[in-house]
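Hi everyone, thanks for coming. Have a look at the screen for a moment, and then I'll walk you through a couple of spots.

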Amino acid sequence: MAILDKMILSRRQALGFGAAAAASLGLAACGSSEAPAPDAGSAASGSAAEEAAVQIDAAAFDALVAGGATASDDVIGASEWAQKVKDAGKLRVGCVSTSELFSQLNEVDGHYRGFDAGLWQLLTRYITGDDQAFEPTTVTSSTRESVLENDDVDAVFATYSINDERKEVISFAGPYYISQYGVMVKADSGISSLDDLKGKKVAAQSGSNGPELVEEFLPDADLQEMNTDEEIVTALDQGRIDAYAVNTDIILGSVLKNPGKYVMLEETFGPEDPYGIGLPKDSDGVQFVNDWLKSIEDDGTWAELWKITLGEDTVPAEPPAIEA
């Protein structure tokens with residue numbers, strides 16, 4: 001798919017598969033261009049450089065979500081799911097808080113920012129009129145279906161891959177993004193290709209597509225299943241594993257946050273991975289959210305959010321086609 005090809009190539013060119021990523025990626029998220037990330041071989045990787053690499057332009061992000069469209073009472077009333085959210089006065093969201101590019105909680109001001117976070121705040125505003133009228137519930141790869149099945153949340157925004165197995169118990173709106181699997185290693189690991197992973201300990205998140213993909217495409221690797229991104233990154237830092245197999249966007253976030261520490265291998269693997277918005281099984285919210293998603297794609301809000309959170313150089317020509 002052209003979208004994925006352009007996205008991955010621009011990241012590869014920017015990263016150089018080393019820590020010069022942030023400087024050349026040109027993220028709109030950078031609050032300043034005064035402190036570019038150091039080269040992979042540089043020992044200097046101070047906090048100022050790291051902040052410059054990943055900091056989202058908070059003012060631009062907040063202005064975008066605060067200026068989002070709002071739905072009419074008639075539009076909301078036509079959807080039982082949306083009316084329930086409207087009557088409650090809040091959107092209950094399943095999300096994560098540590099994904100630098102997609103959904104990160106700023107501990108200083110208490111705001112979530114990132115591509116996923118921007119989407120759910122725009123949807124919250126669309127339904128309630130207030131972009132901050134949401135109630136977050138932290139989810140992991142293993143709990144995303146259960147919180148929907150148990151009516152703990154109204155929707156899940158969490159780099160959530162659409163697949164047939166999940167569709168048996170929940171429904172998806174979207175997709176709104178296409179990713180693929182890649183591998184992150186420490187910059188000094190000596191690992192430079194997928195072939196180098198033979199006999200190496202490669203971790204993937206339980207409940208994600210990762211374990212199955214590692215077994216299929218890296219059959220000679222020693223698969224290690226762990227529960228969370230943080231757990232796997234810690235294990236990588238401590239040398240208990242050799243590599244981390246996960247979606248390329250998650251790898252990019254770690255590389256940008258830690259200039260010179262990690263690299264992403266050039267080769268990706270597995271099928272293209274569409275991200276969707278998780279909703280209760282057979283909910284009429286699917287049509288409501290798809291209609292809203294199409295509207296923000298058509299009016300340019302989707303592209304502007306992408307630029308603010310992921311960087312102008314990685315904006316695909318157009319968002320992926322929404323499933324009927």
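Predicted model: local features only at pLDDT ≥ 70, side-chain atom pairs only at ≥ 80, totals over all residues.

Residues are numbered from 1 along each chain as its sequence is written, and side-chain values use heavy atoms, with hydrogens and water left out.

Okay, helices. Helices here are DSSP runs of H or I with at least four residues, strands are E runs with at least two, and both are numbered from the N terminus. Take α4, residues 58-66, and α14, residues 301-310: their axes come within 10 Å and cross at roughly 160 degrees. The axes are lines fitted to C-alpha atoms over the stretch in contact, with angles from 0 to 180 degrees between N-to-C directions. So α4 is roughly antiparallel to α14, a label for angles over 145 degrees.

Who meets whom? From α4 we have A60, F61 and L64, and from α14 T301, E304, L305, I308 and T309; contact means heavy atoms within 4.5 Å.

Now zoom in on T301, which sits in α14. Is T301 buried or exposed? Buried, at 15% relative accessible area, where buried is under 20%, exposed is over 50%, and partly exposed is in between, using a 1.4 Å probe and protein chains only. Leaving aside residues up to four places away in sequence, T301 touches L64, L122 and I296.

Last, an open sheet of 3 strands, ordered β2-β3-β4 with antiparallel pairing; pairing takes at least two DSSP bridges. The edges are β2 (98-99) and β4 (112-113).

How values were computed:
Parallel < 35°, antiparallel > 145°, perpendicular 65-115°, else oblique.
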